[in-house]
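Let's take a walk through this structure together. Have the sequence and the 3D view at hand, and we will start at a ligand and then move to a loop.

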Amino acid sequence: MDSIGSEGLQQGEEALSCPEEGLPQPSDSSELVQDCLQQFKVTVAQLQQIQASLLRSMEQALRGQASPVPAVRMLPTYVGSTPHGTEQGDFVVLELGATGASLRVLWVTLTGIGGHRVEPRSQEFVIPQDVMLGAGQQLFDFAARCLSEFLDAQPVSKQGLQLGFSFSFPCHQTGLDRSTLISWTKGFRCSGVEGEDVVQLLRDAIQRQGAYNIDVVAVVNDTVGTMMGCELGARPCEVGLVVDTGTNVCYMEEARDVAVLDEDRGRVCVSVEWGSFSDDGALGPVLTTFDHTLDHESLNPGAQRFEKMIGGLYLGELVRLVLAHLTQRGVLFRGCPSPALLSQGSILLEHVAEMEDPSAGAARVHAILQDLGLSPEASDVELVQRVCAAVCTRAAQLCAAALAAVLSRLQHSREQQTLQVAVATGGRVCERHPRFCSILQGTVMLLAPECNVSFIPSVDGGGQGVAMVTAVAARLAAHRRLLEETLAPFRLNHDQLAAVQAQMRKAMAKGLRGESSSLRMLPTYVRATPDGSERGDFLALDLGGTNFRVLLVRVTTSVQITSQIYSIPESVAQGSGQQLFDHIVDCIVDFQQKQGLSGQSLPLGFTFSFPCRQLGLDQGILLNWTKGFNASDCEGQDVVSLLREAIKRRQAVELNVVAIVNDTVGTMMSCGYEDPRCEIGLIVGTGTNACYMEELRNVAGVPGDSGHMCINMEWGAFGDDGSLDTLSTCFDASVDQASINPGKQRFEKMISGMYLGEIVRHILLHLTSLGVLFRGQQTQRLQTRDIFKTKFLSEIESDSLALRQVRAILEDLGLPLTSDDALMVLEVCQAVSQRAAQLCGAGVAAVVEKIRENRGLEELAVSVGVDGTLYKLHPHFSSLVAATVRELAPCCAVTFLQSEDGSGKGAALVTAVACRLAQSTRV
Ligand code: 0WK
Ligand code: BGC
Ligand code: BGC
């Protein structure tokens, strides 16, 4: 029998003595009785006050108010929807704590929509008192033994069993299968469990038992099981009420109103834990001396005060305390108490329910009292029934006041005049007490007249409901496993990144020696970074990134830039070369007119962000287009000549093309103007690439072996020789095959902005085909190429963006998603961008280590000038690159400088250096 506590009433021998004379006069005794029973009378006003006070506490807790600590906890349960009815499968359910000193194991078969109901098989096990009060491990081992004993009797396999754990105590849940016990209630007080994850404790116990391989996929509160188990009637139950040994309620709250959750749409089931409601203002007046005695002698004095007025564990004890009180005042049993009447917990819920049951009749009450060692007279029987009625009526009324508070909250949060709602009820007080539910329903109608409530008794105490949640959890767990399997190839570890770094070093060495290598290591004829003595006005073109820009760069003691962005339509980027360069000259002329430069022939620096074999500063043979450009008759041509021919075709335009530079070089020069240690240029934008100052002696094919030359690595093509195939995924292959240059720019296609969105889209399509996302519904939109922009990754991954905004972006794409979907899309984006940043970091680590070894330095301090939309806008890309460089090149202190003015300024500075050098050789 669940223990409640020991002292209070007179105990021992003298308590058991029967008074010879001085029994109270009948009139006194009825007054005594009246006083006693009156204490259990609760007025409507008091009930309304409790209703209002509980509602206030609920809303304080929902808002996450910390002080004063709300009287109820309002614990989110990670159950986001009532059953769809699609749930199917066989599940094991373990119920602990709902029915006091017993646990129950069930085998539940869900048959989905239209399937016939299969009666669950179950077995109840009594939990020994010492287990309920002993070490936590002992309790969970006991549960694991019961599980095995039950399963031994079932024709089931020992493998792959999925279990739902109904754990009926207040817990902080952090997932469907992660739940930390806040505090024990009812008759439990095991050590070493409060503050622990009870799912892990059960998993460990099942492991120790070792008989079955059981996967605990969900933990739910019994109220949730009751709500989820309610037979699908006109409307699903959205409130789950349990009055068994303890009492509690859960309901479907608007997710936006649950402050701790980062959600703005949909609903989430919240376990109110109203057992701890104890607003002295509201409860004080209805608490009787018997309640205080009971609480004082309970296992958890001062806690669960509301529960101790309603829960089945306490109703019998309250009745006993009242009967003992009246007996010792001589009003009952001629003042002769029995040991049982004076011993705590001797009157059970079952006793009270039976004694109140009109069909039981006086004879039965008589028998029960005799079993308690009492010799009742008829008047005693009648008075005992009145005491039972008083205690239970109050319990039902208080429960109703609390339920009315929940209904008002629902009405309020759904802004409904009249609330239609179904309440699933469960627990032995509801099931066995003859009048509890009718008083409850009647009082609810009184306190919440604008709510039309249908009460649905739960068929099997919530076992079905726990199985429903388990089915949902199993589905989500399966989805999570599929998501992890899909994303695992994107999670690169240290060794894989170090291997990329080493392969890149090898390819760099081969490229510098002029051997075949996927890294062409192109000399750029830029031998020095600016020294600040440059002066003059220069025109600069910046082609190859997101925007085509024409710039006027005035270099004095500082650099002033005036620029204009022009678009390069896809038809021009993929048209004829002549068309492309004529378009470029049109833009220059338009810019000159706008800047009043017409007719002036300023030295021009051309940032041309494509792989060019340079034969000189103003000669660059385009090796191949990249990044969606594919203008004809350009590859293999000197790009400067193509520009000059276009200028010639456009009479009356004078332009002096002095230098052609790659955007990496322009970026290095631009940042080098501020920080002379900047000897590396990095672009992570539409495309990706890097350049750095190499020792001239290491550059085959360029005369001289002293001094430096900037090398354009064209690392976008790294891996085109297959050296990255071990890291490449089927999604990379799909993106490559769909590109206009399949097999080319493999490294770029795993890193840069033109491709990351497409990689994510292909992964989302794959996960949708597995049913993991969007309920398996493929949408036309998601099948559309380039519909998932890389900028979405930057937006979706930004910390300041709540899941709700993630959902908004995806809904704009016409994707029907749930909150779990939004979370998974976020994880896909994170995996893809993290891999990109780490690969980029491995590349930079290879370059800085090359420079350090070139100079035979222990330590190298160097700066990297960086540009590119992805690097600049993605919330985590730059820090992931820096972290990877620190990990792979610990002897290098690398500073990343974000280029403010783009590489156009760099092109102008290269032009300025060339003009200065040309000037100095002329004089
Ligand atoms: C801005 C630079 C330009 C470079 C671009 C790369 O001025 O030369 O090509 O960054 O970034 P994207 O625009 O491709 O994101
Ligand atoms: C627990 C609740 C549980 C209720 C009914 C209370 O003591 O704190 O979690 O739902 O009993 O079993
Ligand atoms: C080009 C490089 C350029 C990079 C960044 C790549 O596709 O091949 O020349 O530096 O994109 O724009």
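How far does a polar side-chain atom of glutamate 307 lie from an oxygen atom of ligand 2? In this predicted model, the distance is 2.7 Å. The protein covers 100% of the 310 Å² of accessible area that ligand 2 has on its own.

Around ligand 2 you can find 15 residues, and the closest are Thr185, Asn221, Asp222, Glu273 and Glu307. Two of these also place side-chain atoms beside the ligand's oxygen atoms: for asparagine 221, an N or O atom of the side chain is 2.7 Å from an oxygen atom of ligand 2, and for glutamate 273 the corresponding distance is 2.4 Å.

Now look at the shell as a whole. Its residues comprise 3 nonpolar, 8 polar and 4 charged ones. Two elements, α7 (222–228) and β10 (247–254), each contribute at least two residues to the shell.

From here, let's turn to glycine 275, which sits in the loop between β11 (267–271) and α8 (280–283). Is glycine 275 buried or exposed? Its relative accessibility is 0%, so glycine 275 counts as buried, given that buried means under 20%.

What does glycine 275 touch, leaving aside residues up to four places away in sequence? Its contacts are Thr247, Gln304, Arg305, Phe306 and Glu307. Finally, compare glycine 275 with alanine 303: they are 28 residues apart in sequence, and their C-alpha atoms are 8.4 Å apart in space.

Note on methods. Residues are numbered from 1 along each chain as its sequence is written. Chains are lettered from A and ligands numbered from 1 in the order in which they are written. This is a predicted model: local features need pLDDT of at least 70, side-chain atom pairs count only at pLDDT 80 or more; totals for chains, interfaces and linings use all residues. Side-chain values use heavy atoms; hydrogens and water are left out. A residue is near a molecule or strand if one of its heavy atoms lies within 4 Å of it. A polar contact is a pair of N or O atoms within 3.5 Å; within protein, one must be able to donate a hydrogen and the other to accept it, and residues adjacent in sequence count only if both atoms are side-chain atoms. Accessible areas come from the Shrake-Rupley method with a 1.4 Å probe; for residues, only the protein chains shown count as cover. Helices (H or I, at least four residues) and strands (E, at least two) are DSSP runs, numbered from the N terminus. Ala, Val, Leu, Ile, Met, Phe, Trp, Tyr, Cys and Pro count as nonpolar, Asp, Glu, Lys and Arg as charged, and the others, Gly among them, as polar. Buried means under 20% relative accessible area, exposed over 50%, partly exposed in between (1.4 Å probe, protein chains only). Contact means heavy atoms within 4.5 Å.
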